[in-house]
Amino acid sequence: MNKLRIFFWSILLLLLQILVLNNINFSHTINPYLYITFIFIFPLKKNRFIFLFFTFVYGLILDFFSDTGGIHAFSLLFVAYIRLFFIKLFFKKGNIDYLLFNLNSEAFGQVFNYILTLTLIHHFILISLDNFSFHNMEIVLLNTLYSSTFTLVLYFLGSYILRKKIT
Amino acid sequence: MQQLIYFIRKYRYFLFFLLLEFIAINLIINNHSFHKSKFVNSANYITGDFYNKTNSIKNYLNLNKENVELLNENIIIKNENEKLIEILNTVTKVKFIDTSKQRRSYINGKIEKNQYSSNFNFLTINLGLNDSVFSEMAVINSKGIVGITEFVSIKYSRVQSILNKNSKINAKLKNSNHFGSLTWNGFSYNTVQLLDIPRQAIIKTGDTVITGGMSSIFPEGVPVGTVINIEKGSSIKRIINIKLFNDMSNLRNVYVIKDFDKKEIRDLEKFNNE
């Protein structure tokens, strides 16, 4: 994992999200939120303060550009916090394996489960916060489903094409 | 004390996480109250400039269409002007015409960021304090209403779109003086809802709805849209769906209306309330 490479990809994902993906509005409401990839490519470290702080800032930058207050920051931070739990659950990794952990070297089934779970949680929180009320729950759920599918397709296509480069 | 330090050390990540989440929640709630979001919005220096740069390409590609739209608007205004001149010529008995009074002036601007997919949509326009735009000014375009300025920075300002669940605009029917408030339920980006219309008002599909002029923000008579249907239900909670004249997904040039009498009206209303 190269620090510079992660930085480069984060910026690229940010620009992609702001300039392209936020404007897709498929059937007026459905957008992919591919910037969640930030959570997947950020390396695992013992000290989590840096990771949590960077995720918060990353989400906040998106909020600045899309006028959404803090919903991206909130949902991304939430996913960042629970990431470790799901890594332990799906990959059965302990503290010692953090340094060598790499999504590309894991079995596809596990990776898929991991990414699917995190994406669904993130999108659900994001879209419910955007809705900001307890009405229209069925629309929130449907939107979560559609947006997640969209994001997952984009993510897996991207990671398949850039397999060697993104690591 | 020992225990407290131990507790903080044990849950330090969780506490840090909670702190950041708390900040985020605060920002979300601030974002939902009118012109309270001073910090997180796209009207600040960096984001505004970023959108400005990226938009220059889009502007170039749309020049042709924009030109046609502006020409059409020009023709309408020219014709209107001719009519008014003609009317003015027929008036002979008036000895003195006050030409110094002008209630409103228009400032033209461009939309830097359009948004219509969220439940609480905001636009960013390239007018700010430098162009003497302030908070709570009406934003319209040639076809109809767009929104109200909310937060103003030096070069840019954030506009609360009519497609925002918090927006409430006074509107009335064109053929009568019954007025209600214009809101949005968050479903379709070209349909808004008119509420609180008194039950004696006769409404048919196809009726035109315009702004009411009861608030000091919008002048009377800015076009809004046409009635498409009236939802069945008790007459007090009657919801009227209105199709907007504007295509909110395709906005470019806007005007901000500066009202010179606004301060006077505001002061008067304040005086009444006390």
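Two strands count as paired if DSSP finds at least two bridges between them. The views below are taken from a predicted model.

**View 1. Pairing of β4(B) with β5(B).** Strand β4 (residues 145–152) and strand β5 (residues 157–164) of chain B are joined in the antiparallel sense over five bridges. Within β5(B), S161(B) is the residue opposite G147(B).

**View 2. The six-stranded barrel of chain B.** The strands follow the order β1-β2-β5-β4-β3-β12 and form a closed barrel with antiparallel pairing. On average, neighbouring strands of this sheet are turned by 45 degrees against each other, direction ignored.

**View 3. Helix α3(B) on the strands.** α3(B) lies across β1 (104–113) and β2 of chain B. The helix runs at about 80 degrees to β1(B).

**View 4. The largest nonpolar core.** This core has 42 residues, and I125(B), V139(B), I145(B), V146(B), I162(B) and V254(B) have the most contacts inside it. Strand β4 of chain B gives the most, with five residues. Domain 1 (45–90 + 102–165 + 255–260) and domain 2 (169–244) of chain B both contribute residues, so the core lies between them. Leaving aside neighbours within four places in sequence, the contacts of I162(B) include I145(B), V146(B), L182(B) and W184(B). A second, separate core of 35 residues includes I18(A), Y33(A), F74(A) and V79(A).

**View 5. The side of chain B that touches chain A.** Here 27 residues of chain B are in contact with 27 residues of chain A. α2 (12–31), α3 (45–61) and β2 (120–125) of chain B each supply at least two residues of this side. The largest share, eleven residues, comes from α2(B). By type, the residues of this side are twelve nonpolar, 13 polar and two charged.

Note on methods. Residues are numbered from 1 along each chain as its sequence is written. Chains are lettered from A and ligands numbered from 1 in the order in which they are written. This is a predicted model: local features need pLDDT of at least 70, side-chain atom pairs count only at pLDDT 80 or more; totals for chains, interfaces and linings use all residues. Two residues are in contact if their C-beta atoms, placed from the backbone, lie within 7 Å. Helices (H or I, at least four residues) and strands (E, at least two) are DSSP runs, numbered from the N terminus. Ala, Val, Leu, Ile, Met, Phe, Trp, Tyr, Cys and Pro count as nonpolar, Asp, Glu, Lys and Arg as charged, and the others, Gly among them, as polar. A nonpolar core is a set of buried Ala, Val, Leu, Ile, Met, Phe, Trp, Tyr and Cys residues joined through C-beta atoms within 7 Å. A residue is buried if 20 or more other C-beta atoms lie within 10 Å of its own, exposed if 12 or fewer, and partly exposed in between; C-beta atoms are placed from the backbone. Domain bounds come from an automatic or database domain assignment. Axes are lines fitted to C-alpha atoms, for helices over the stretch in contact, and angles run from 0 to 180 degrees between N-to-C directions.
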